[in-house]
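Visitor: Hi, could you walk me through this one? I have it open on my screen.
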Amino acid sequence: MSRHAPSGLIGRVDMPVAGGPVQDEAVVDVERELNWAGTYGYLAERIVRVASVDEARDLVTSGARIRPLGTRHSFNDVADGPGLLVDLTGLSEQVEIAADRRSATVSAGARYGVLAVELERHGVALHNMGSLPHISVAGAIATATHGSGIGLGALSSAVSAVEILGADGELRTVRRGDPDFDGSVVALGALGLVTRLTVDVQPTYRMRQDAYSDLPWDVFLDHLPEAFGAAYSVCIFTEWDGRVRELLLKSRVPDGAENLEVPDDVLGARRMPPREPSERSTPVDGSVGAWCDRLPHFLIGGTPSIGSEIQSEHFVPFARGAEALDAVAALGDRIRPHLHTAELRTMSADPHWLSPTQGEDTLCVAFTWRKHPQEVAALLPDLEAALAPFGQRPHWGKMSSLDGDAIEDLYPALPKFRDLVHRSDPDGVFRGPFLERIIRL
């Protein structure tokens, strides 16, 4: 049996339906609401932006099919559905910091940038952030979005409580330690509308960023743990051309210190001159700043990323990272014509049922593709086949050619998750095509 999904035809451009339809710029249906990158047109009847939980409750209990929607940074149909999409970004962005200053509670639709600025104002911090601070807290957590750090978990690993508006219109809170907690954090919006989340925080800290260039590929593969262990958070960029183009080290400054010394050489890669200031990127110049101004790649107040792009991400066990990267590099000649950039990141294991780590420290191979939908569609099955021997799992919110059979084999806790969904939403109020096709609800 094929483990790849058949193609779906929307907007006259084919992409695998497991990743949702992607439209070419020339043929976008202007009547459709689009995702952030303009690559996916939502098929729902309506998108409704709510300003309160009461407004959301009225929609949930109206008899309509419901899917939650955040800042529209998914590249597939995970947030789409046949009825209403409930946009939660209109909820109050209030942040409540606990008296012991070890946790903070935030509304689901708040962006990470808003949360980070408020935490920093109160002298506390998150353990990590994604490259984009513009993504919604609930959407990022529900899809296991992550930053990078060999000892740092995904953004979802910081969650200690989830408040969910269920199909019956009632709010319930699931807390760390509860029987269903590990199935309720990375949950793809299948259990209801997440309205608030509580996340772990710590005392604020400062960081610096330094870039290193031209590390030979074989040296990198032979020293993978050393490369990713060179700083608090490390991101590595390549074009699959026999070298590492850039190692980006995000170093944490010791408490009480003004700065810290960084090496001029990392495994033979030389430190690059300070990068010129940018209106959209965080400083890569050795200057020291707040954690929230160094952990993301893009400034909280800047314009995020490329925009006109397609993204896919593929997770493999870190222990098999060198083998997996070599397998991808063999496709380099086919990859490069369609690539903006490829970024390699790491994250530590967590226990969540739908986490792509599945209990192992993990390497993420992330592609920002040019807006070449047909070519990327043709390439993805071969790319994922090359990574299949290493148990690769795709990002829940990005492009993939894998079908429900392949996903079933990769997530042993899926039967438990389906049981949780059926108990939480017996009438399927929150189901959508992605959940039915890929999770088999």
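This is a predicted model: local features need pLDDT of at least 70, side-chain atom pairs count only at pLDDT 80 or more; totals for chains, interfaces and linings use all residues.

Visitor: Okay, let's begin with the open sheet. In what order do its five strands come?
Guide: The order is E6-E7-E11-E9-E10, and the pairing is antiparallel.

Visitor: Which strands stand at the edges?
Guide: Those are E6 (95-97) and E10 (171-175). Each has a single partner strand, so one side of each is left without a neighbour in the sheet.

Visitor: And what does the twist average?
Guide: From one strand to the next, the twist averages 15°.

Visitor: How many bridges link E9 and E11?
Guide: Six bridges, with E9 covering residues 159-165 and E11 covering residues 193-200. If you'd like a pair to click on, valine 162 stands opposite leucine 197 in E11.

Visitor: Nice. Which helix lies across E6 and E7?
Guide: That's H2, residues 112-121. Helix H2 runs at about 35° to E6.

Visitor: Switching to the inside: how many residues does the largest nonpolar core have?
Guide: It has 63 residues. Among those with the most contacts inside it are Tyr112, Leu119, Trp291 and Phe417.

Visitor: What does leucine 119 touch, leaving out residues up to four places away in sequence?
Guide: Its contacts include Val95 and Ile97, along with Ala104, Val201 and Trp291. There is also a second, separate core of 42 residues, which includes Ala227, Ala231, Leu249 and Val266.

Visitor: Now strand E19. How many of its residues are buried?
Guide: Eight of its eight residues, 310-317, are buried.

Visitor: What does E19 pair with over eight bridges?
Guide: With strand E21 (residues 362-369), in the antiparallel sense. Glutamate 313 stands opposite alanine 366 there. Strand E22 (residues 393-394) is also joined to E19, by two bridges, and runs antiparallel to it. Proline 394 in E22 is the bridge partner of histidine 314.

Visitor: Last topic: where is leucine 435?
Guide: Leucine 435 is in helix H11, residues 433-439.

Visitor: Why does leucine 435 count as buried?
Guide: Because its relative accessible area is 0%, and buried means under 20%.

Visitor: What is leucine 435 in contact with, apart from neighbours within four places in sequence?
Guide: The contacts are Arg67, Leu188, Ala190, Phe430, Arg440 and Leu441. Take alanine 190: it sits 245 residues away from leucine 435 along the chain, yet their C-alpha atoms are separated by 7.6 Å.

Terms used:
Residues are numbered from 1 along each chain as its sequence is written. Side-chain values use heavy atoms; hydrogens and water are left out. Helices (H or I, at least four residues) and strands (E, at least two) are DSSP runs, numbered from the N terminus. Buried means under 20% relative accessible area, exposed over 50%, partly exposed in between (1.4 Å probe, protein chains only). Contact means heavy atoms within 4.5 Å. A nonpolar core is a set of buried Ala, Val, Leu, Ile, Met, Phe, Trp, Tyr and Cys residues joined through side-chain atoms within 4.5 Å. Two strands pair if DSSP finds at least two bridges between them. Axes are lines fitted to C-alpha atoms, for helices over the stretch in contact, and angles run from 0 to 180 degrees between N-to-C directions.
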